[in-house]
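Biologist: Before we discuss the charged pairs, could you put the sequence and the model side by side for us?

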Amino acid sequence: MKIKDKIKETAKRNKCIFAAFLLPVLLMVTAFAVEGIYPFGQQQIAVIDMYHQYVPFLSELQNKLHEGGSLFFTWNGAGGSDFLTLLAYYGASPLNLLLIIFPEKFIMEGITVILLIKIGLSGSFMAMFLRYIYKTCDMGTVAFAVLYALNSYVMAYYWCIMWMDAVMLLPLVIMGLHKIIDEGKFVQYTVTLALTIIINYYMAIMVCIFIMFYYPVLYFIKIRRGGLRRCAVTTGKAVGFSLLG
């Protein structure tokens, strides 16, 4: 099969996944236009702490990516200070590397693009989770994925851009948890949980609390028989790979 045919086949097979990415992004851009948010007007997404903290920190990260500065220390502010702890909370998302392609004067454009990508991937990853659970991917799947990507939490806190990665990755983490119970596979769960914790440990705490309450419900829904031994083995795997992550 030619590469072109493979691309067409992949696009056709995953059209719902792509739609679940594009629709929330288009709806968000439309909302920006209606509300007159830059570049459609004088309003901006940089409000509250995003204006005073997140944009300056990400601007510093962008400068280091351009100039090759140290990710461990910065001379900007307080006569020099540790930068690694700032990076661990505000800037550890791999998507922040996209800032390197934006000139420094277009820092807000870069941050806006990254935010839209996170919202779009939230939709795509939720569509992937729903396809795994229900073995189908149709317009109903897309609709629920869009609802997840644009849920009220995202609408209220999208300006906390570093928190959006946890929303984005949560469907993949939970899908990985399902795979531990269904198939005994652990790689996806371990890797995505670790990535969530590395990107933003604060929201990762919320994800871990959710997993703690979600796992027993999920296990007893899926496993009706199997006895104490199976419960202990499966739960041991879930706990072990959580600790590994």
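**Salt bridges and burial**

Modeller: Glu60 is buried, at 13% relative accessible area, where buried means under 20% relative accessible area, exposed over 50% and partly exposed in between (1.4 Å probe, protein chains only). This is a predicted model, in which local features need pLDDT of at least 70 and side-chain atom pairs count only at pLDDT 80 or more, while totals for chains, interfaces and linings use all residues. Residues are numbered from 1 along each chain as its sequence is written, and side-chain values use heavy atoms, with hydrogens and water left out.

Biologist: With which residue does the side chain of Glu60 meet in a salt bridge?

Modeller: A salt bridge is a side-chain nitrogen of Lys or Arg within 4 Å of a carboxyl oxygen of Asp or Glu. At 3.8 Å, N to O, the partner is Lys64.

Biologist: How many residues apart are Asp165 and Lys118?

Modeller: Their side chains meet in a salt bridge at 2.6 Å, N to O. The pair links distant parts of the chain, Asp165 in helix α8 (residues 164-183) and Lys118 in helix α5 (residues 107-134), and the separation is 47 residues.

Biologist: What is the relative accessible area of Lys185?

Modeller: The side chain of Lys185 forms a salt bridge with that of Glu183 at 3.2 Å, N to O. Glu183 is partly exposed at 38%, whereas Lys185 is exposed, with a value of 51%.

How values were computed:
Helix = DSSP H or I, 4+ residues; strand = E, 2+ residues; numbered from the N terminus.
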